[in-house]
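Here is a short note on one helix crossing and a few salt bridges. Keep the structure open while you read.

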Amino acid sequence: MKVDVLLGLQWGDEGKGKVVDVLTPEYDIVSRFQGGPNAGHTLEFEEKKYVLRSIPSGIFQGNKINIIGNGVVLDPALFKAEVEALEASGHPLTKRLKISKKAHLILPTHRLLDLASESAKGTGKIGTTGKGIGPTYTDKISRNGLRVGDILHNFDEKYKTAITRHKEMLAQYEFEYDLASLEKEWFDGIECIKKFELIDSEHVINNALKEDKKILAEGAQGTMLDIDFGSYPFVTSSNTICAGACTGLGVAPRNIGEVYGIFKAYCTRVGSGPFPTELFDETGDLMRKNGNEFGSVTGRPRRCGWIDLVALKYAVMINGITQLIMMKSDVMDAFETIKACVAYKIDGVEIEEFPYSIEGEVEPVYAELPGWQTDMTSMQTEDEFPEEFNAYLAFIEEEIGVPVKIVSVGPDRAQTIIR
């Protein structure tokens with residue numbers, strides 16, 4: 001048996017949580033492999049809305065096992081709040097959720113360092129959520145991090161050493177903070193973590209493969225935010241691509257099966273960074289309104305623009321995508337004409353390959369297709385798709401070279417059409 005991987009192909013917020021929830025009945029285990037609580041996955045079903053920050057999106061489907069993998073960074077305080085909200089809504093977690101001992105902990109001072117560093121950058125801000133993700137991954141790479149497994153081994157001493165080091169770093173900034181209040185919530189979160197089974201996740205996952213169990217690896221953020229291949233430096237601090245599932249779960253490359261790539265029928269981005277197809281007019285405003293494009297964790301309005309097929313082809317190539325999943329198709333219902341970026345023009349030269357940098361003057365070259373101007377939200381089969389929408393799908397498949405297997409026509413679990 002193989003590990004199937006599901007990840008985003010744009011700048012995040014593609015709707016991964018909903019698709020994981022839809023696909024979970026086919027799997028025995030769902031595991032997050034990277035990222036932290038800066039990435040909120042939104043799910044809607046039975047007239048209720050849930051936002052997951054660290055817990056895998058398969059948590060709602062029966063008694064499936066959900067694992068927070070070693071590549072994830074975990075904030076105990078936010079994890080506790082997430083657990084309590086889910087349990088209050090009637091979803092038992094202790095038997096469904098397991099946590100890798102090798103997952104790194106976001107300390108209270110990581111959040112402070114994140115905020116202090118971002119504030120000091122002034123106009124050069126990256127657009128971080130201030131959740132401490134970057135400083136935590138920095139400590140991980142510099143071998144100064146604390147892991148979930150450290151809770152069981154001389155934890156107090158390790159914690160004090162780390163906090164002392166962070167205080168010395170914070171002294172370099174003109175930044176006032178109240179650590180005591182953050183620490184209380186944080187240590188309450190540590191007690192919450194102790195209620196769950198802490199596992200050597202790489203052994204659990206590989207043993208499950210030997211037993212022919214089906215595993216779905218769930219990514220956070222999107223390919224264009226990958227630390228190596230995204231629009232650097234306006235990226236996240238982890239590998240969001242398919243290769244990250246191998247290092248974030250301890251899975252050999254030969255054990256990767258299907259790779260599901262999720263994208264919106266248009267593009268969005270949160271925070272700073274280049275965005276070639278961004279719209280600053282009424283069309284962009286309408287996309288934002290119709291798509292409810294506001295961050296599920298931060299509430300920040302998302303920047304909106306036409307679909308970028310140059311970036312999408314790049315993401316498909318890097319990830320080895322085998323199936324495409326198009327989200328928020330219904331958001332495009334309102335437009336008479338739909339544009340798709342098929343090339344970039346840089347310094348007067350037209351290119352179709354994603355370049356080293358898109359920070360300068362990048363002019364998108366568009367193909368135009370007729371819109372369908374039909375409400376798709378109540379459609380249940382592809383036989384109901386308007387002719388113009390089918391043409392849009394066919395155009396994307398031709399450009400990208402990978403079939404679109406699933407189409408979402410609304411936020412609810414039921415508004416999902418498998419082709």
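Where do lysine 80 and glutamate 84 both lie, and how many residues apart? Point 2 has the answer.

1. Ground rules. This is a predicted model, where local features need pLDDT of at least 70, side-chain atom pairs count only at pLDDT 80 or more, and totals for chains, interfaces and linings use all residues. Residues are numbered from 1 along each chain as its sequence is written, and side-chain values use heavy atoms, with hydrogens and water left out.

2. Lysine 80 and glutamate 84 both sit in helix 2 (residues 76–88). They are 4 residues apart, about one turn of the helix. Helices here are DSSP runs of H or I with at least four residues, strands are runs of E with at least two, and both are numbered from the N terminus. The two residues form a salt bridge, with the closest N and O atoms 2.6 Å apart. A salt bridge needs a side-chain nitrogen of Lys or Arg within 4 Å of a carboxyl oxygen of Asp or Glu. By this rule there are 21 salt bridges.

3. How open is that pair? Buried means under 20% relative accessible area, exposed means over 50%, and partly exposed lies in between (1.4 Å probe, protein chains only). Lysine 80 has 22%, so it counts as partly exposed. Glutamate 84 has 43% and is also partly exposed.

4. Two helices crossing. The axes of helix 3 (residues 108–120) and helix 4 (residues 133–141) come within 7 Å and cross at roughly 115°. Axes are lines fitted to C-alpha atoms, for helices over the stretch in contact; angles run from 0 to 180 degrees between N-to-C directions. His110, Leu113 and Asp114 of helix 3 make the contact with Ile133, Pro135, Thr136 and Asp139 of helix 4. Contact means heavy atoms within 4.5 Å.

5. Aspartate 139 forms a salt bridge with arginine 165, at 2.9 Å between the closest N and O atoms. This pair links distant parts of the chain: arginine 165 is in helix 5 (residues 155–170), aspartate 139 in helix 4, 26 residues apart. Aspartate 139 is buried because its relative accessibility is 3%. Arginine 165, at 27%, is partly exposed.

6. A network. Glutamate 293 and lysine 328 meet in a salt bridge (3.0 Å, N to O). They lie in two loops, 35 residues apart. Salt bridges with shared partners join Asp13, Lys264, Glu293, Arg302 and Lys328 into one network. Glutamate 293 is buried, at 0% relative accessible area.
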